[in-house]
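Dear colleague,

Please find below the structure that I am handing over to you.

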Amino acid sequence: LHAETLYVRVLALDEFEERAHRGVMWCRARLGDLAGAGRQFRECNRITSSELGVSPQPDTLRLNALIQEGEVPVKPI
């Protein structure tokens, strides 16, 4: 199975699992879908802020910044 599909399955079970949000972001960025990675970050941010009242985890913020700078890590964060 494609890694993104597995991450999406995890999110279907637990939308608060930030590692899975990062996984989707990473997969999309590695495939060149920077807009899709950005949408996933915004969804993660929406969920954490509206449901939990917190900002995304530092690793999620770092991955988003790297993707925005065009520096997609070789491995997921």
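The protein chain has 77 residues, for which a compact globule would have a radius of gyration near 11 Å; the chain has 11 Å, which agrees. That radius is taken over C-alpha atoms, and the globule rule is 2.2 Å times the number of residues to the power 0.38.

This is a predicted model, in which local features need pLDDT of at least 70 and side-chain atom pairs count only at pLDDT 80 or more, while totals for chains, interfaces and linings use all residues. Residues are numbered from 1 along each chain as its sequence is written, and side-chain values use heavy atoms, with hydrogens and water left out.

The secondary structure comprises four helices and zero strands, in the order α-α-α-α from the N terminus. Helices (H or I, at least four residues) and strands (E, at least two) are DSSP runs, numbered from the N terminus. Along its principal axes, the C-alpha trace spans about 30 × 30 × 20 Å.

Beyond its neighbours within four places in sequence, Phe16 is in contact (heavy atoms within 4.5 Å) with Ile47, Glu51 and Leu52. Phe16 and Ile47 lie 31 residues apart in sequence, yet their C-alpha atoms are 7.1 Å apart in space.

With kind regards
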